[in-house]
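Me: I am new to this structure. Can you show me how to read a few of its features?

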Amino acid sequence: MNLTLKVWRQKNPSDKGGFKTYKLSGISADMSFLEMLDVLNEDLSEKGEDPVHFDHDCREGICGMCSLYINGQPHGPHQTTTCQLHMRSFRDGDTITIEPWRASAFPIVKDLVVDRSSFDRIIQSGGFVSVNTGGVPDANEIPIPKVIADESFDAATCIGCGACVAACKNASAMLFVSAKISQLALLPQGKVEKKERAEKMVAQMDKEGFGACTNTGACSAECPKEIKLSNIARMNREYFSASLSTENV
Amino acid sequence: MKLDSKIPSGPLAEKWTRHKFNVKLVNPANKRKYEIIVVGTGLAGASAAASLAELGYNVKAFCFQDSPRRAHSIAAQGGINAAKNYQNDGDSVFRLFYDTIKGGDYRSREGNVYRLAEVSVNIIDQCVAQGVPFAREYGGLLANRSFGGAQVSRTFYARGQTGQQLLLGAYSALSRQVANGKVKLFPRTEMMDVVVVDGKARGIVTRNLITGAIESHSAHAVLLCTGGYGNVFFLSTNAMGSNVTAAWRAHKKGAFFSNPCYTQIHPTCIPVSGDHQSKLTLMSESLRNDGRVWVPKTKEMAEKLRKKEIAPKDIKEEDRDYYLETKYPSFGNLVPRDVASRNAKYVCDEGRGVNETGEAVFLDFRDAIKRDGEDAVKGKYGNLFDMYEKITGENPYQTPMMIYPAVHYTMGGLWVDYNLMTTVPGLYALGEANFSDHGANRLGASALMQGLADGYFVAPYTVGDYLASLPYEKIPEDHAEFKKSEEEVKARVQKLLSVNGTKTVDHFHKKLGKIMWNHCGMARNAAGLTKAKEMIQSLKEEFWSNVKVLGTGEELNLSLEKAHRVADFLELGELMVDDALHRNESCGGHFRDEYQTPEGEALRDDENFAYVAAWEYKGEGKEEALHKEDLVFENVKLTQRSYK
Amino acid sequence: MSWVSKTLNSTLGKKLLMALTGLFLILFLVVHLAGNLQLLLPDGGKSFNIYAETMASNPFIRVVGILNFGFIALHAIYSAILTRHNKKSRPVAYAMTKSSANSTWSSRNMGILGSLILVFILIHLRGFWYEFKFGEMPYVTYDGETYKDGFAIVSAAFGNIIYVAFYVLSMAVLAFHLSHGFSSAFQTLGLNHKKYTPFIQKLGIGFAIVVPALFALIPIIMFIQNS
């Protein structure tokens with residue numbers, strides 16, 4: 001099929017950037033979206049033009065490195081990652097607009113590549129259970145009801161891609177933060193620190209400059225791992241109860 | 001140089017305990033005086049960095065991705081083995097040890113493998129304590145499944161995302177240490193060289209992938225946890241960024257490279273759909289529990305399938321060849337990975353492949369759906385079926401899946417002793433980057449186990465043993481060796497940018513991949529390997545004279561990054577061919593056409609090849625030197641694998 | 001009390017204030033509606049006028065009334081603060097968005113809806129509340145007691161087709177605001193549960209339709225009765 005691509009090009013963080021239009025032909029419907037961009041980049045390279053930079057790694061929908069805001073939606077029209085989006089979702093002659101994630105907490109590095117280290121810093125602020133290696137109890141010492149373990153797992157499937165932030169009209173990271181808070185708050189291992197964790201992670205999230213939640217639900221609707229909105233409610237609960245009860249005056 | 005594996009003496013079951021007692025300890029107050037570099041943040045890297053930092057060492061952790069959480073360990077689906085015997089089905093440390101040695105076709109070290117099985121139980125405890133949500137039974141205890149043809153249920157899993165959950169566990173432990181100030185993170189930073197001073201590894205030189213800055217980092221020890229080199233085949237189940245560069249640069253600085261030819265080809269991957277393909281996607285091996293593998297009995301019928309003149313369902317039962325079930329009545333579709341892969345290749349080579357490229361076989365769930373109902377099949381494999389449909393656009397509930405083998409894991413890697421130290425003192429290799437535990441073939445659900453065993457439970461002891469005899473002083477980063485190394489790296493960047501040829505980096509990578517796949521893939525022979533060596537050499541020459549790398553060195557430059565990696569793959573490819581050519585036997589992931597039993601099975605030569613091949617770099621354009629570490633088996637009896 | 005300000009100054013705390021004030025205003029709507037419905041009683045405004053007088057003289061109601069103004073102000077001010085914060089979180093807008101694929105129109109436009117409602121409230125207060133409190137009111141006498149004749153003022157206002165249309169339109173805006181705001185407040189408070197959330201969501205939609213509809217019905221009926 002033949003396509004017209006409108007791609008955001010920006011040389012570096014301080015460059016103003018703008019859209020560039022490229023024509024592509026001979027694209028197979030079996031290609032993944034990223035493979036289509038590979039074709040574009042091979043073309044550009046052969047012509048001596050700088051290829052379009054975009055983040056990607058595993059290309060099987062799990063590492064969370066690929067991003068791209070495609071035709072007005074993060075990861076494109078389906079609820080999946082860009083690497084799992086295939087060209088059969090588009091039609092011959094389509095124009096596709098490709099933009100980077102846009103959020104002040106995700107500054108652009110180059111073209112479609114953004115810096116998501118704010119997510120790492122949020123996890124560093126408390127997204128863990130404080131156990132050292134060794135000296136832990138036997139794995140079967142703490143039975144965990146299957147439904148609880150499953151719910152925790154549902155939250156834990158977050159791949160940290162940032163689609164929630166990209167989709168949210170407020171560039172809010174609540175779904176990401178709440179997924180980690182939920183995963184650990186549900187498990188007995190994580191309960192010990194759950195109050196401190198909620199306080200610290202929310203504080204770090206705010207410090208990074210993410211927006212507030214207006215409960216539009218766009219994050220969850222676009223999340224490739226279908227993380228549920230109930231996690232945000234749980235985070236709110238955890239945070240308010242922590243505010244009321246921790247020793248931090 | 002005589003290779004000393006430093007396996008502790010004494011009975012197998014006591015070796016590790018004794019060794020732990022015998023290693024030198026670093027005084028807790030002195031640990032903060034040491035700096036350790038960890039390259040790679042996958043299961044091995046993240047767990048090692050976190051554990052060492054917890055002990056009090058100062059750690060610098062490097063990864064080329066934008067976050068440590070992206071490392072490719074994340075993509076492992078199936079599970080992690082541990083000899084917990086929670087199922088009361090007769091599992092034990094010794095059985096896991098035995099299965100691993102046997103599965104590796106008797107090409108691994110007894111001591112290392114036993115230790116792996118021994119610490120496997122601690123890994124599960126550790127991960128659960130971190131909040132890894134493993135699958136559980138209704139009673140609240142951990143669930144297990146049997147995996148990859150194992151006779152016991154010892155595999156712990158988290159749906160089809162075990163690797164992700166384990167990695168996020170290790171990443172959270174790492175993040176905690178970053179917050180504590182004990183680990184300094186360097187994402188989007190690629191290691192370009194190991195710096196050796198007075199025979200010891202004393203740091204690395206890196207390239208900042210955003211700014212292009214070439215920087216030196218001094219330390220007392222360097223741990224390479226940089227994964228495998230499956231991407232030498234261009235198409236593999238590895239991530240796009242997975243590469244051999246760190247290991248290869250270490251190799252050129254004196255670390256021996258072992259058994260590079262041992263490559264695991266996974267039988268259940270989604271077939272290649274065209275030239276545009278950038279990577280291959282693995283479908284969990286568990287599918288073979290219920291799916292039946294077949295191709296048409298005749299070439300003519302396969303031809304019609306390929307042309308889409310008939311559909312799979314039009315082929316009558318008596319015209320289908322369930323070749324694994326016929327050939328291996330007792331194991332059937334559950335034969336080990338290498339056997340399943342090789343047989344898929346044979347039937348496709350006969351012209352009976354079923355997709356347009358002729359390189360695919362069916363994995364059919366028709367009978368399972370008939371027997372258990374669609375809902376039951378959906379319950380077990382729903383997410384895999386969805387994934388398949390997303391990628392191929394075909395519904396596997398209605399038409400059989402198509403699969404074909406793909407490169408998945410590399411058992412070879414940097415040679416290490418029992419302490420996981422390479423032949424360069426102070427330089428360690430952990431996880432898939434080393435060669436040590438899987439022999440010639442890795443069992444399913446053992447990669448995660450090894451990565452975490454090395455990182456959480458082995459390196460924290462053995463690295464301390466080495467540091468205890470080292471002075472606290474760090475080599476300054478303006479030391480001549482660092483400067484020399486920086487200059488070499490800068491010169492290489494310049495060289496790549498200045499070739500200014502006509503062909504893209506991917507062009508060379510694809511070509512190399514084809515050579516490797518055709519001649520050093522599922523089945524190899526002397527003639528093909530000899531030819532491959534020549535082809536790689538001329539491709540390498542062409543690369544350095546005709547590659548086109550755009551942009552500059554002082555910016556985010558994906559084609560420059562790739563060029564560095566492909567240049568190293570070209571050199572590694574040649575060594576793989578050398579290794580495959582010298583090993584005149586078939587074992588595990590190395591199958592030589594010339595060495596097979598009358599039934600077409602791998603024929604080992606224990607008399608002449610029960611050794612670890614360790615290759616020493618001798619300089620640009622020179623043949624590498626082969627060293628041998630003999631494998632001694634005191635606790636297992638070497639037998640011919642048979643799955644009839 | 002630094003922890004209080006810390007909590008309330010977080011994005012979550014600000015949202016908490018939005019939810020709590022919002023829920024209070026929802027309750028207020030119910031009480032207000034109960035009063036308004038008395039306009040329709042066929043007693044020439046007697047019940048309404050007596051009710052209005054009782055409300056105005058009850059000290060508890062007066063306190064609640066003041067709180068109500070405070071909450072409206074808080075709700076508006078915090079929404080402005082949050083909107084500014086949220087705009088700063090995405091300084092460069094997307095060239096193309098397809099948000100209809102992932103969220104409802106009203107959930108994305110609460111600010112606009114809320115601003116329109118605020119305009120309505122101001123006009124509404126000027127027209128009724130201000131007149132009632134400070135304007136020149138006609139008086140009526142029921143059973144020997146004198147009352148301000150609010151009914152007459154309302155009745156006059158609802159005789160004006162333009163005012164009725166403005167009122168009805170404003171109620172439609174309120175409906176959209178409530179259709180998201182009602183359940184959203186519960187979500188913000190952390191009250192989300194498989195068992196109750198579907199009910200809360202349905203209740204919210206029901207509330208968003210019924211309450212504004214009843215409000216809107218009154219001027220329509222009165223207009224028809226008057227003409």
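Reply: We will take a sheet, some annotated spans and a chain contact in turn. Keep in mind that this is a predicted model.

Me: Start with the sheet in chain B. In what order do its strands lie?

Reply: Read a sheet strand by strand, across the pairing. In chain B, 4 strands make an open sheet, ordered 16-10-18-19, with antiparallel pairing.

Me: Which strands stand at the edges?

Reply: In chain B they are strand 16 (413-414) and strand 19 (625-630). Each has a single partner strand, so one side of each has no neighbour in the sheet.

Me: How many bridges join strand 10 to strand 16 of chain B?

Reply: There are 2 bridges between strand 10 (residues 257-258) and strand 16 of chain B, and the two strands run antiparallel. In one pairing, Ser258(B) has Gly413(B) as its bridge partner.

Me: Which helix lies across strands 10, 18 and 19 of chain B?

Reply: That is helix 17 (residues 558-582) of chain B. Its direction is at about 145° to strand 18 (611-616) of chain B.

Me: Now chain C. Which residues does UniProt list as "transmembrane region"?

Reply: Treat a record as a label, then look at the model. The unreviewed UniProt entry lists 16-40, 60-81, 110-130, 150-178 and 199-224 of chain C. In the model, residues 60-81 of chain C are 100% helix, with end C-alpha atoms 31 Å apart. Residues 110-130 of chain C are also 100% helix, and there the ends lie 27 Å apart.

Me: How many residues of chain C are in contact with chain A?

Reply: 36 residues of chain C contact 40 residues of chain A. Elements giving two or more residues to that side of chain C include helix 2 (11-37) and helix 8 (161-188) of chain C. That side of chain C has 13 nonpolar, 17 polar and 6 charged residues.

Terms used: Residues numbered from 1 in each chain as written. Chains lettered and ligands numbered in written order. Predicted model: local features only at pLDDT ≥ 70, side-chain atom pairs only at ≥ 80, totals over all residues. Pairing = 2+ DSSP bridges. Contact = placed C-beta atoms within 7 Å. Axes fitted to C-alpha atoms, helices over the stretch in contact; angles between N-to-C directions. UniProt positions renumbered as here; feature names shortened; annotations may be inferred. Nonpolar A, V, L, I, M, F, W, Y, C, P; charged D, E, K, R; others polar.
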